[in-house]
Amino acid sequence: MTSTSRRLIVLALLMLTLAATRLHHFAAIPDASWAVFFVAGFHLRAWSRWAFPLLMALAVLVDAWVINAMGLDFWQHYCVSLGYWMLLPAYFTLWAGGMLLGQGYAGAGWPLLPRAAVLLVASVAVCHLFAQGGFYWTSTNVAGPTLAGWWKNYTDWLGPYLATTALYVAVAAALQVALEQVGKLAQARRQAHR
């Protein structure tokens, strides 16, 4: 399988994951969007110029579809304000974290885990700063925003967003390790039959 084929498969799976979980943003299935952008940065860094905008457009289209299905105008929804545009730098922060993790990647291993953890936590913290801050400071739904109120809101929601993102990234990492191991076994078998 070529690297282009692999990337296309990864992109398709990430798009399906984003759409399926974002459609149910307020349901029992947690939204995987943040993890999708982190994993996409890792796998699709060579396609950043068009893959990031594509995933961003998909996220906005899903939001618009869900909000319209509720019978609301997009800009009238509680979660949408001028700060909605802050999702661009927020999600790109996750993408950049994944790109940094992927630089020089030579295969899964325990030594990579601390670097992955630091990059994931840092990119989620900065993503949340943009996303939550954009909403908090621009939404008319926040009455009398204050620095203390913003900080409380930021810290109250950082943990849940980090936990959800880390869970999905851990699943993606486990799949990565499994596929790498299957590839190594297949290569060993081919060499043994020569």
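Residues 24 or more positions apart account for 70% of the contacts in the protein with a separation of 6 or more. The model is predicted. Its secondary structure comes to six helices and zero strands, and from the N terminus on the elements run α-α-α-α-α-α. The C-alpha trace spans about 70 × 35 × 30 Å along its principal axes. The protein has 194 residues, of which 36% count as buried. Its accessible surface comes to about 11400 Å², and 71% of that surface belongs to carbon and sulfur atoms.

**Nonpolar cores**

In soluble globular proteins, nonpolar side chains tend to be buried together. In this model the largest nonpolar core has 41 residues. The residues with the most contacts inside this core are Trp 34, Phe 37, Leu 44, Leu 55, Tyr 91, Leu 94 and Trp 95. Two or more residues each are given to this core by H1, helix H2 (33–43), helix H3 (48–69), helix H4 (87–102) and helix H5 (113–138). H3 supplies the largest share, 10 residues.

What does Trp 95 touch, not counting residues up to four places away in sequence? Its partners are Phe 37, Ala 40, Gly 41, Leu 44, Ser 48, Ala 51, Phe 52 and Leu 55.

A second, separate core consists of five residues, including Phe 135, Val 142, Trp 150 and Tyr 154.

**Surface patch**

On the surface, Met 1, Ile 9, Leu 13 and Leu 16 form a nonpolar patch. Together these residues have about 450 Å² of accessible area. Leu 16 is found in helix H1, residues 3–22. Leu 16 counts as exposed because its relative accessible area of 58% is over the 50% cut-off.

**Salt bridges**

Side chains of opposite charge can pair when their charged atoms come close.

| Asp 31 | Arg 22 | 3.8 Å |

Arg 22, Asp 31 and Asp 63 are linked in a network of salt bridges. Asp 63 has a relative accessible area of 14% and is buried, and Asp 31 counts as buried at 17%.

Asp 156 is partly exposed, with a relative accessible area of 41%.

**Asn 153 and His 128**

Asn 153 lies in helix H6, residues 147–192, and at 26% relative accessibility counts as partly exposed. Which residues does Asn 153 contact, leaving aside its neighbours within four places in sequence? They are His 128, Gln 132 and Tyr 136. With Gln 132, the side chain of Asn 153 makes a polar contact of 2.7 Å. The C-alpha atoms of this pair are separated by 8.0 Å, and the two residues are 21 residues apart along the chain.

His 128 has its place in helix H5. Its relative accessible area is 2%, and His 128 is therefore buried. Neighbours within four places in sequence aside, His 128 is in contact with Trp 34, Gly 133, Asn 153, Tyr 154, Trp 157, Leu 158 and Tyr 161. Among these partners of His 128, Trp 34 is one of the residues with the most contacts inside the largest core, and Tyr 154 belongs to the second core.

Methods: Residues numbered from 1 in each chain as written. Predicted model: local features only at pLDDT ≥ 70, side-chain atom pairs only at ≥ 80, totals over all residues. Heavy atoms only, no water. Patch = residues over 30% accessible without salt bridge, like charges linked within 9 Å, V, L, I, M, F, W, Y side chains within 5 Å. Areas by Shrake-Rupley, 256 points an atom, 1.4 Å probe, with all protein chains shown as cover. Salt bridge = Lys/Arg side-chain N within 4 Å of Asp/Glu carboxyl O. Helix = DSSP H or I, 4+ residues; strand = E, 2+ residues; numbered from the N terminus. Buried < 20%, exposed > 50% of the residue type's maximum accessible area, 1.4 Å probe, protein only. Core = buried A, V, L, I, M, F, W, Y, C linked by side-chain atoms within 4.5 Å. Contact = heavy atoms within 4.5 Å. Polar contact = N/O pair within 3.5 Å; in protein donor to acceptor, adjacent residues only side chain to side chain.
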